[in-house]
Amino acid sequence: MESKEIVGIDSEIASLEKPESDSFPGEEILCCENPKIIEWEEMQQELARLCSLSSALTKANERKESLSQKLRSVIEVRQKYLQQSNELDNMRQKLEARKLAMGEMAMQMRETKEDVKCKKEQLANSLRSLLVAGKRVCAAHEQLQEANKLVIGKMGHGNAKSLQTMLRMRQQHMISQVNSLYPVKSSNENASKENFDKPSAGDQEQSSLPDMTRSPTVSSLTILGQQLTAFPLKKTSFFSDKKEIQRSSIVLGYVAHVVLLVASYLDVPLRYPLRLGGSRSHICDYAPSTETVTSDLIVSPVVGASAKPAEFPLFLEGQDSTRAAYAIFLLNKDLEQLLNFFGAESLGPRNILANLKELMRIIQSPEFLDN
């Protein structure tokens, strides 16, 4: 519609600007160098004609003004139309950009949906595993409650503790009997006992009593009144006197018997097993090859190729001094093993009776029941 109106306005403007074929009489009069002479009789007709022409010119001007106003409005409309078309183009561009953004968002949404689906599956698997773990925890909790009931009950920890205490008391009692059978004392204690057994004679008896406050030395310890004499390591023999040799063999047999009984009562497997035979006892070693160190009377075993244990004599008569010394060393190692079982240390490789006395003291102490 607007284009049709614009075309009509243009045609009207062209018709107004087009010159007429008939010229005004006045114009001819004014334009001509020689003015036209009009008769008086024709004067009125010319005036009427001029009046009609002036009125037509006025109407044409008015029409031109109205057409110019319409043209300005049409131009404004065109400008608005162009502005709107530009805005529409911008809006189209924005719409296309938004369509592209929406497409990208749709792709992202699809990817997000796939991720959510995968995570849902993972969460479902985790929930199933969690349920299984929860059932296991419940079962373990029930087992724990049953275990607590067993611990608290009659056959629980308290009963086990009491049974352990009774076992310790029984072990202590049995080892105390062994100690009473094979007492390890100092020579001063034996001498004082003999003096107490004699009839008293007043101040003379008191003056003859030994000093009991003195601590016994290692060499003065005895077992059943028999003393293990310290001896050097020689290739020929340990003792020159056969009675001392027999006495030492008896002492070693006593110690071996005590060690075997204590280990069996405490349920401790000895590292070097014993074969009892009184004063002809033997000790076994699973590393029969040996080297002797003559300076400290210590024999260090070297592992042999054979796995069969070798026996070493705990007596000196008719035996090699090196084998007998090694047997004494192994016997002291068994004593050290029993001391280490209670967290105690050995007093040395030569102190067999002292180590045995320390072992008996630890077992007869009140702390033994708490171990």
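A contact here means heavy atoms within 4.5 Å. In this predicted model, residues 24 or more positions apart make up 64% of the protein chain's contacts with a separation of 6 or more. The chain holds ten helices and eight strands. Of its 371 residues, 25% count as buried, and its accessible surface is about 26,400 Å², with 56% of that belonging to carbon and sulfur atoms.

**The sheet**

Three strands make an open, antiparallel sheet in the order β1-β2-β3. β1 and β3 are at the edges with a single partner strand each, so one side of each has no neighbour in the sheet. Between β2 and β3, which run antiparallel, there are two bridges; I223 has Q226 in β3 as its bridge partner. Helix α9 packs on this sheet and touches β1 and β2, its direction making about 75 degrees with that of β2.

| Element | Residues |
|---|---|
| β1 | residues 184-186 |
| β2 | residues 221-223 |
| β3 | residues 226-227 |
| α9 | residues 352-364 |

In soluble globular proteins, nonpolar side chains tend to be buried together. The largest nonpolar core here has 45 residues, among which V255, V262, I283 and L331 touch the most other members. At least two residues of this core come from each of α4, β2, α7, β8, α8 and α9, and α7 gives the most, with ten residues.

What does I283 touch, leaving aside residues up to four places away in sequence? Its contacts include Y272, P273, F312, L330, L331 and D334.

Terms used: Residues are numbered from 1 along each chain as its sequence is written. This is a predicted model: local features need pLDDT of at least 70, side-chain atom pairs count only at pLDDT 80 or more; totals for chains, interfaces and linings use all residues. Side-chain values use heavy atoms; hydrogens and water are left out. Two strands pair if DSSP finds at least two bridges between them. Helices (H or I, at least four residues) and strands (E, at least two) are DSSP runs, numbered from the N terminus. Axes are lines fitted to C-alpha atoms, for helices over the stretch in contact, and angles run from 0 to 180 degrees between N-to-C directions. Buried means under 20% relative accessible area, exposed over 50%, partly exposed in between (1.4 Å probe, protein chains only). Accessible areas come from the Shrake-Rupley method with a 1.4 Å probe; for residues, only the protein chains shown count as cover. A nonpolar core is a set of buried Ala, Val, Leu, Ile, Met, Phe, Trp, Tyr and Cys residues joined through side-chain atoms within 4.5 Å.
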